[in-house]
Amino acid sequence: MRIAKVIGNVTLNRCLESFNGASLRLVVPLSLAELHGDEPQADEMVAWDDNGAGVGSFIAMSEGGEASQPFRPLEKPVDAYASAILDEINLK
């Protein structure tokens, strides 16, 4: 699981039937240095969001096979899943 920042929303013109009603967010994964204030260096990616994260929110994100687990036994072609909205991040 990684921390990412929501930087936008994704709107689909056409999609698979299993994506009807989906909330998709454009996110950028953050490294520890980026959490301390450095500019994000990672490529943006799309994450499925059931929590209602808004632009500027920090989220906990799972990727790969773990991202599709919340939908079992249904199959959805998801690469990233926003599993939580983070209210506060304390770095020591």
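Modeller: Here it is; note that this is a predicted model. Let's start with a bridge: G8 is partnered with L26 in β2.

Biologist: How many bridges join β1 to β2?

Modeller: There are 6 bridges between β1, residues 2-10, and β2, residues 24-29. The two strands run antiparallel.

Biologist: What holds paired strands together in general?

Modeller: Backbone hydrogen bonds; the pairing can be parallel or antiparallel.

Biologist: And what do the 5 strands close into?

Modeller: They close into a barrel. The order is β1-β2-β3-β5-β4, with mixed pairing. On average, neighbouring strands of this sheet are turned by 55° against each other, direction ignored.

Biologist: Switching to loops. Where is S57?

Modeller: S57 sits in the loop between β3, residues 45-49, and β4, residues 58-63.

Biologist: Is S57 buried or exposed?

Modeller: Buried. Its relative accessible area is 19%, and the cut-off for buried is under 20%.

Biologist: Which residues does S57 touch, leaving out those up to four places away in sequence?

Modeller: A4, K5, V6 and I85. Of these contacts, A4, K5 and V6 fall within the 2-10 stretch of β1, while I85 belongs to β5, residues 80-86.

Biologist: Now E66. Buried or exposed?

Modeller: E66 is exposed, because its relative accessible area is 55% and exposed means over 50%. E66 lies in the loop between β4 and β5.

Biologist: How far apart are E66 and P77 in space?

Modeller: 12 Å, C-alpha to C-alpha. In sequence, E66 and P77 are 11 residues apart.

Technical notes:
Residues numbered from 1 in each chain as written. Predicted model: local features only at pLDDT ≥ 70, side-chain atom pairs only at ≥ 80, totals over all residues. Heavy atoms only, no water. Helix = DSSP H or I, 4+ residues; strand = E, 2+ residues; numbered from the N terminus. Buried < 20%, exposed > 50% of the residue type's maximum accessible area, 1.4 Å probe, protein only. Contact = heavy atoms within 4.5 Å. Pairing = 2+ DSSP bridges. Axes fitted to C-alpha atoms, helices over the stretch in contact; angles between N-to-C directions.
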